[in-house]
Amino acid sequence: MGITLKNVSYTYQAGTPFEGPALFDVNLEVKTGSYTALIGHTGSGKSTILQLLNGLLTPSSGSVLVDDIEITAASINKDIKQVRKKVGLVFQFAESQVFAETVLEDVAFGPQNFGVSKEEAERVAREKLLLVGISEDLFVRSPFELSGGQMRRVAIAGILAMEPEVLVLDEPTAGLDPLGRKELMELFSHLHNDGMTIVLVTHLMDDVANFADTVYIMEKGRLIRSGNPKDIFQDVDFMENIQLGVPKITKFAQNMVQKGLRLPSLPITITEFKEMLHG
C-alpha cells in the first residue's frame, strides 16, 4: 500500500494570531514495501508529515492519498478512520501512549476499538507481544511496572495489533541504551523483510544507511532533496553544510580518500567498506 503527498501545505492554528506554517508544497511518495527515512532538524516538518500520513492531521492544502483514500482539508473523521487502521503511528517516547491496567489489555484495546471481539483481540495481542520480545509472564503485569524499554515495546505491540500495512516511526529508539536500540531496529527490519512498509524519522544517519532504501530531507517545512541513501551520502559537503552529517564509515572513508586511498565511491555501511577493500 502506497502513500502519496501532492502539493501538501500545513499551517498550525490557521486563522488565529498563533498560526504557524509548518509545511510548504511538499510532494513525496512512500512506495509499497519500501523503507523510507525522513530526516531534518527539529522544526523541519518531519513530525507534521508523519501525522498527515495516518490522518491525525489533514492538509491545509493539497492532498494525501493513502491507497485509494484521499485526505484533503475537507475530509471528515469518518473517512479518515480506515486510514488509521492501515497506517500505524508510533510516537516518539511511545510509552506515554500506554494506559491500561495490564499489558495484555493495553495491546488488545486498539483492535477492540475497531470492532474485533475481545477473544480475537487478545489472541492478536499475545502474538504481537511475543513478536516484540515481551514474555508471557509479563502479560498480566501493569505496564507501569515495566522498564522504559519494555513499555516502549508494549506500545509498539499495541500499534502492530491493529495489523497496519504501514508502520510510521518517530525517533523510535530515542532514549534507549545501545542494546535496546539495536534490538528495536532489528525488529523493524524483520517486519520490513516480512513485507511491511516502514517510514522512519531519525537523526541517526547510520540507521538511514543500514536500513532505508529511500530518504527525504526536510528543511524549514520544505523538501530539499530526496533519493536513495547511497547517492545522498556521497555529497558529504552538502550533508555537513545542513548539519545532518553522514554515516561514521562514510566520513572515515572520505578522510582515507583524501590521504590517497582509492575507492569506487564512498561506502555508507561497514559491510560495503569491507567489500570495497577486499573486492
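**K86**

I looked up the contacts of K86, where contact means heavy atoms within 4.5 Å. Leaving aside neighbours within four places in sequence, K86 touches M1, D67, I69, P164, E165 and V166.

K86 sits in helix α2, residues 77-86. Helices (H or I, at least four residues) and strands (E, at least two) are DSSP runs, numbered from the N terminus. K86 counts as buried because its relative accessibility is 18%. My classes are buried under 20% relative accessible area, exposed over 50%, and partly exposed in between, with a 1.4 Å probe and protein chains only.

**Ground rules**

This is a predicted model: local features need pLDDT of at least 70, side-chain atom pairs count only at pLDDT 80 or more, and totals for chains, interfaces and linings use all residues. Residues are numbered from 1 along each chain as its sequence is written, and side-chain values use heavy atoms, with hydrogens and water left out.

**R153**

Next I went to helix α5, residues 148-160, which holds R153. Is R153 buried or exposed? At 14% relative accessibility, R153 is buried. Its side chain makes a polar contact of 2.7 Å with the side chain of E183. A polar atom of the R153 side chain also lies 2.5 Å from the backbone oxygen of V132. Beyond four places in sequence, I list V132, G133, I134, G180, E183 and L184 as contacts of R153.

**P229**

P229 belongs to helix α8, residues 229-232. I note it as buried, because its relative accessibility is 4%. Its contacts, neighbours within four places aside, are V208, A209, A212, D213, T214, V215 and I268. I also checked P229 against K248: they are 19 residues apart in sequence and 14 Å apart in space, C-alpha to C-alpha.

**Whole chain**

How many helices and strands does the chain have? I find 11 helices and 10 strands. The radius of gyration is 20 Å, close to the 19 Å of the globule rule for 279 residues, so the chain is as compact as a globular protein of that length. The radius is taken over C-alpha atoms; the rule is 2.2 Å times the number of residues to the power 0.38. The C-alpha trace spans about 65 × 50 × 35 Å along its principal axes. Buried residues make up 49% of the 279.

Notes:
Polar contact = N/O pair within 3.5 Å; in protein donor to acceptor, adjacent residues only side chain to side chain.
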